[in-house]
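Please look at the sequence and the model first, and then read on.

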Amino acid sequence: MKRSLIIVSLFVAGVLMGVSGILLSFLQYSGLSVYILYLLMFQVGITFGCFPV
């Protein structure tokens, strides 16, 4: 439960930073954030693939 709260709070913090304009300029106008998103999606895919059905 504690781990889920940390994940949700980081997500909410990221959304609030994006909406308020506090986001760092190099993340806002570069492709770095897209590559980070791809990496996280890859990690989630590996995690789902590791669990037997």
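Of the 53 residues of the protein, 0% count as buried, where buried means under 20% relative accessible area, exposed over 50% and partly exposed in between (1.4 Å probe, protein chains only). This is a predicted model, in which local features need pLDDT of at least 70 and side-chain atom pairs count only at pLDDT 80 or more, while totals for chains, interfaces and linings use all residues. Residues are numbered from 1 along each chain as its sequence is written, and side-chain values use heavy atoms, with hydrogens and water left out.

The protein has 3 helices and 0 strands, helices (H or I, at least four residues) and strands (E, at least two) being DSSP runs numbered from the N terminus. Valine 19 lies in helix α1, which covers residues 2-20, and just after α1 glycine 21 adopts a positive phi of about 85°.

The structure holds 1 aromatic pair. The rings of tyrosine 35 and tyrosine 38 have centres 6.2 Å apart and planes at 75°, so the pair is edge-to-face; rings of Phe, Tyr and Trp (its six-membered ring) pair if their centres lie within 6.5 Å, with planes under 30 degrees apart counted as stacked, over 60 as edge-to-face and the rest as tilted. Tyrosine 35 and tyrosine 38 are 3 residues apart in helix α3 (residues 32-50), and are therefore separated by about one helical turn.

| Residue | Relative accessibility | Class |
|---|---|---|
| Valine 19 | 70% | exposed |
| Tyrosine 35 | 59% | exposed |
| Tyrosine 38 | 48% | partly exposed |
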